[in-house]
Amino acid sequence: MIKLYVLPPAFGLRNTGPFCLKSEMALVHLKQEFELVVSGDPRSAPKGKLPYMEDDGTVIADSELILQHIDRKTNGGLYGHLSDEELADGYAFSRLVEEHLYWAVVASRWLDDAWWPNVASGFFGELPFPVRHIAPLLARRQVRQTYYQQGLGRHSLEEQKAFARRDLDALAKKVGDGPFLLGEKLTAFDFGIASLLAGALDNQPGTWMTAIAREFQPVVDYTERVQAAVGVYCREVV
Ligand SMILES: N[C@@H](CCC(=O)N[C@@H](CS)C(=O)NCC(=O)O)C(=O)O
């Protein structure tokens, strides 16, 4: 049985990690049997990040490697039907969202003083005293340093927002005609992109990235279409 190790639910989201949700979507899409295992601390993961997956004794860390693994396992179930041009487009837009826009979403949760208490209580609130007070501060310092090293963290908030808007504008133009990133076909690339956006759009309360993402109606509609097509939602569905 496959085990997928993911971040805990928080902020009204049942799967808070975009890369965790992307992997979950791929497994559901390919009708793989699996168990979601909540793993509170990414530091215990093989590469210090979540998700990772165990499949019959094989451990795979990183959502892209997880998708590659299940693609091989299902004889090309995820990528086998895609042309070189589609793969190129898919990877390019995935990188834009997962390696650039992602950091703005992280900053909007972790580094906004007004929103930060939600992270502290959502991710660390269950820890024993005094760890629940110390661990979030150390983790926040780490996020701040990483955001600075990544580069976006060197800009003013207004500049960060402008970078995010340019990403979302590019994406809105790409998915506007829809229904999916590559047109009629729902593909694995939709899982990663929609997962990141769904977390930004639906986290409660909204962040500054929620407000910005909601400016782009084609992106909002696309995110809903992908979640509905897979039957996997980021938000808690009541
Ligand atoms: N490239 C990785 C990124 C995974 C990732 O950044 N996971 C975040 C949670 S969404 C994490 O575990 N962060 C903890 C850390 O960076 O210390 C993937 O696709 O799986």
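With which residue does Lys-174 form a salt bridge? The partner is Asp-89, and the closest N and O atoms of the two are 2.6 Å apart; a salt bridge here is a side-chain nitrogen of Lys or Arg within 4 Å of a carboxyl oxygen of Asp or Glu. Because Lys-174 lies in helix α6 (residues 157–175) and Asp-89 in helix α3, this pair ties together parts that are 85 residues apart in sequence. Helices (H or I, at least four residues) and strands (E, at least two) are DSSP runs, numbered from the N terminus.

The model is a predicted one, in which local features need pLDDT of at least 70 and side-chain atom pairs count only at pLDDT 80 or more, whereas totals for chains, interfaces and linings use all residues. Residues are numbered from 1 along each chain as its sequence is written, and side-chain values use heavy atoms, with hydrogens and water left out.

Both ends of the pair are partly exposed, Lys-174 at 26% relative accessibility and Asp-89 with a relative accessible area of 29%; buried means under 20% relative accessible area, exposed over 50%, and partly exposed in between (1.4 Å probe, protein chains only). Side chains of opposite charge can pair when their charged atoms come close. The structure holds 14 salt bridges, and another of them joins Asp-113 to Arg-140, with the closest N and O atoms 2.8 Å apart. Since Asp-113 lies in the loop between α3 and α4 and Arg-140 in helix α5, the pair ties together parts that are 27 residues apart in sequence. Here Asp-113 is exposed, at 58%, while Arg-140 counts as buried, at 12%.

Within helix α6, the side chains of Glu-158 and Lys-161 meet in a salt bridge of 3.9 Å, N to O, and, being three residues apart, they are separated by about one helical turn. Glu-158 is exposed, with a relative accessible area of 53%, but Lys-161 counts as buried at 17%. Elsewhere, Asp-202, Arg-214, Glu-224 and Arg-235 are linked in a network of salt bridges.

Helix α4 (residues 116–124) has Trp-116, Val-119, Ala-120 and Phe-124 as buried residues. They lie on the same side of α4, because they cover an arc of only 100° around the axis, the arc being that of the directions from the helix axis to the C-beta atoms. The cover over these buried residues includes α3 (84–110) and α5 (131–150).

The sheet comes next. It is open, with four strands in the order β2-β1-β3-β4 and mixed pairing, where two strands pair if DSSP finds at least two bridges between them. The strands β2 (34–38) and β4 (58–61) stand at the edges with a single partner strand each, so one side of each is left without a neighbour in the sheet. From one strand to the next, the twist averages 20°. Strands β1 (residues 2–6) and β3 (residues 52–55) run antiparallel and are joined by three bridges, and Met-53 in β3 is the bridge partner of Leu-4.

Helix α1 (residues 18–29) packs on this sheet, touching β1, β2 and β3, and its direction makes about 155° with that of β1. Helix α2 (residues 63–73) also packs on the sheet, touching β1, β3 and β4, at about 30° to the direction of β3. Contact means heavy atoms within 4.5 Å, and axes are lines fitted to C-alpha atoms, for helices over the stretch in contact, with angles running from 0 to 180 degrees between N-to-C directions.
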